[in-house]
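Hi everyone, thanks for making time this morning.

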Amino acid sequence: MKKFLGYFLSPIAIIAFLLILCIFQPIQWLCFNLGGYKAHKKSVDILNFFLTSTAYILFNRIIFINRQNLPVGRSIIFVANHQSLFDIPALIWFLRKYHAKFISKVELTKGIPSISYNLKHGGGANINRKDARQSITELIKFAERMRDNKWSAVIFPEGTRSKIGKVKQFQSAGIATILKKCPDALIVPIAIKDSWKMIQYGFYPMNTFTPITWEVLEPIEPTTGTAVELVLAAENRIKEKLGQV
């Protein structure tokens, strides 16, 4: 029944999602050029609130849990498992007060309304996976921006999305590079549950009446281990929360 309803509701959700992207393209441009970073960030936050809310068209539930007393004004590296593209707008919205930025493929900086503009001007890192030197240089510059502005990063260390929700092995290289320039960044795991179910049949039909959960887990101080050990600890906490130990 949930899949059957998706045939009717998915076109509405997809059209709404695309329409929001198109509407916010000129809004972002105006905010960035007239108000600078602060105004642009506000427009991006609101954009991602609306993008996240399109899940309600499908009668899906959005559940964000944060019982941690995370510091504001300190750089944080949020380390999350990755299940769908829908993870990104939700995390931008719910983590907005931490100025959370993403590491993205450089190919995404062209041709996508609102998303490409934000990737170019939002302060994140846009890496070329075919060019190791460019990737490292971009990550170093990003880490310096984090350190200087007290921004945060959201990293999906699995590398690729898990299509069935099974957590893949985390890679530590990107986080290690950031910690070299931003050594005080707090490591905060986030367990994402069941966002893969929203697109388990693809983007058409999308699933309906599906609860999707993002839960912030206990922070890990960067002084408690090497980058490899920190990432492994984050991976284990996420697996434990998802019942995959």
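Let's begin with strand β2, residues 76–80, which runs parallel to strand β6, residues 186–193, with five bridges joining the two. If you want a landmark for that pairing, find Val 79, which sits opposite Pro 189 in β6. Before going on, please keep in mind that this is a predicted model.

Now, what packs on the sheet here? Helix α5, residues 173–181, does, and it touches β2, β3 (100–105), β5 (152–155) and β6. The direction of α5 makes about 175° with that of β2. Then there is helix α6, residues 227–241, which lies across β2, β6 and β7 (211–216) and runs at about 30° to β6.

Let's zoom out to the sheet. It is open and mixed, with seven strands in the order β1-β7-β6-β2-β5-β3-β4. At the edges stand β1 (61–66) and β4 (125–127); each has a single partner strand, so one side of each lacks a neighbour in the sheet. On average, neighbouring strands are turned by 20° against each other, ignoring direction.

And the chain overall? We have six helices and seven strands, and from the N terminus they run α-β-β-α-β-α-β-α-β-α-β-β-α. The radius of gyration is 18 Å, which agrees with the value near 18 Å for a compact globule because the chain has 245 residues. Of those 245 residues, 47% count as buried. Finally, among contacts with a separation of 6 or more, 73% come from residues 24 or more positions apart.

How values were computed: Residues are numbered from 1 along each chain as its sequence is written. This is a predicted model: local features need pLDDT of at least 70, side-chain atom pairs count only at pLDDT 80 or more; totals for chains, interfaces and linings use all residues. Side-chain values use heavy atoms; hydrogens and water are left out. Two strands pair if DSSP finds at least two bridges between them. Helices (H or I, at least four residues) and strands (E, at least two) are DSSP runs, numbered from the N terminus. Axes are lines fitted to C-alpha atoms, for helices over the stretch in contact, and angles run from 0 to 180 degrees between N-to-C directions. Contact means heavy atoms within 4.5 Å. The radius of gyration is taken over C-alpha atoms; the globule rule is 2.2 Å times the number of residues to the power 0.38. Buried means under 20% relative accessible area, exposed over 50%, partly exposed in between (1.4 Å probe, protein chains only).
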